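Please consider the structure shown below.

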Amino acid sequence: MNRPTRLLLALAAATGLLTLAAVPGSAAPATEAAEVAAVSTTATFNDPGGDATAQNRVRDHIRDLIDQAPAGSSITAGLYTFTDDSVTDALYAAKNRGVNVKIIVDHTSVTMTGGEYDRLATRLGTDRTQGSWVYACPAGRGCVGTRQLPSDSDGAINHNKFYLFSSTGGADNVVVQTSANLTGVQRTDLFNNAVTIVDAGLYGIYQAYFADLLSYGTSSTGLSHYYKTPSSGAYKTYFFPRKEAAGTEYNNDASTDTIKLILDNVSCSGGTQIRMAANLFTRDEVATKLVALKNAGCSVILAHDGYPGSLGATVESIISGKLTQRVQCYEDRGTGVAKAGLHSKYLLIEGTYNGASGRKLVFTGSHNYTYPALRANDETLLKIDNAALYDQYKANHAHLMSYCAGS
């Protein structure tokens with residue numbers, strides 16, 4: 001099962017809010033900076049094993065950014081499931097103080113128990129000629145992606161989880177890419193991550209993608225192939241779905257598997273380390289490549305969710321006993337408390353990449369290591385070439401490996 005029912009109820013978080021140096025040129029003017037530090041590039045992780053503050057870190061960080069958006073600015077978001085009343089209230093308050101709020105959600109948010117679509121529609125409106133509105137992708141498909149794979153009865157979805165702020169907290173052009181959906185279980189029961197980046201070029205890339213989500217979503221037809229990889233400085237985006245090569249099967253074409261191709265750029269000379277946090281992992285090509293890299297001398301360390309069906313049977317057979325270290329995150333937290341799981345999906349590479357040594361790269365976003373994420377869904381994968389952010393993700397991964405070591 002590619003998307004267990006638990007994910008529809010869940011979709012949230014990992015271990016702390018960490019602030020890094022602001023991108024040059026993004027800070028507020030000196031007079032404003034004297035009053036309050038500008039929002040800057042940060043990594044945020046929740047922790048379902050911690051207290052309420054730790055569990056809510058990703059959601060509360062997003063809500064704080066909404067609260068700091070000034071009149072005349074805009075908030076734009078592409079989301080999957082949404083059940084959080086407090087975020088709806090924050091968006092409504094932003095609209096009332098003069099912020100333009102535009103939200104696209106998957107149709108699941110219309111039909112799921114506790115979905116916020118009706119409240120959003122009442123508060124933001126649905127008239128897209130106005131400054132604020134909410135739009136739900138068509139039923140049975142994503143906004144762009146329309147393909148239904150033979151192995152996936154649900155069909156394509158808009159699985160995105162990003163937020164764009166033209167201005168917030170004294171900074172302009174703020175992008176938040178997270179693994180967390182806006183649901184309660186995502187906050188309280190699942191490890192998630194979010195990265196906040198201040199970068200005008202990246203902001204523009206995401207805005208163009210949002211415009212495509214709306215354009216295709218409001219048309220009678222979408223696409224079975226939408227694969228774009230624009231970049232801005234240290235950041236590169238991969239937007240899906242990506243179709244397999246002609247004459248191949250959707251689940252048997254390594255030549256168009258983006259994660260496998262990223263791993264092809266890795267050299268194990270000098271002791272390169274690969275760390276992966278996986279919610280859903282069913283792609284055989286990725287599993288086979290990880291084992292090959294371990295055999296070539298890389299250190300390959302995997303933390304994955306242990307919910308039944310989250311790891312493919314063939315993937316299990318490929319990686320079992322063949323990685324440097326592996327843990328399964330599906331941990332008991334006491335009687336009467338749901339198990340803590342892993343919803344993050346990120347890949348870390350430290351070492352030699354694309355012929356250059358000393359690299360520290362993060363690949364994160366909504367993209368699971370599944371065939372629907374690659375071939376059908378509206379998804380985003382974000383490459384981050386930032387050593388400081390890498391160090392924060394590595395620390396989070398070490399926490400996952402420790403917390404889940406008993407499994």
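**Aromatic pairs and the nonpolar core**

The count of aromatic pairs comes to 15, where rings of Phe, Tyr and Trp (its six-membered ring) pair if their centres lie within 6.5 Å, with planes under 30 degrees apart counted as stacked, over 60 as edge-to-face and the rest as tilted. The model is predicted: local features need pLDDT of at least 70 and side-chain atom pairs pLDDT 80 or more, whereas totals for chains, interfaces and linings use all residues. Residues are numbered from 1 along each chain as its sequence is written, and side-chain values use heavy atoms, leaving out hydrogens and water.

Tyr206 and Phe239 form an edge-to-face pair, with 6.0 Å from centre to centre and 90 degrees between the planes. Because Tyr206 lies in helix H9 and Phe239 in strand E11 (residues 235-240), this pair ties together parts 33 residues apart in sequence; helices (H or I, at least four residues) and strands (E, at least two) are DSSP runs, numbered from the N terminus. Tyr206 is buried at 0% relative accessibility, and Phe239 is buried at 1%; buried means under 20% relative accessible area, exposed over 50%, and partly exposed in between (1.4 Å probe, protein chains only). Ring pairs link Phe162, Tyr206, Tyr209, Tyr216, Tyr226 and Phe239 into a cluster.

The largest nonpolar core has 42 residues, and Ile104, Leu382, Ile384 and Tyr393 have the most contacts inside it. Such a core is a set of buried Ala, Val, Leu, Ile, Met, Phe, Trp, Tyr and Cys residues joined through side-chain atoms within 4.5 Å.
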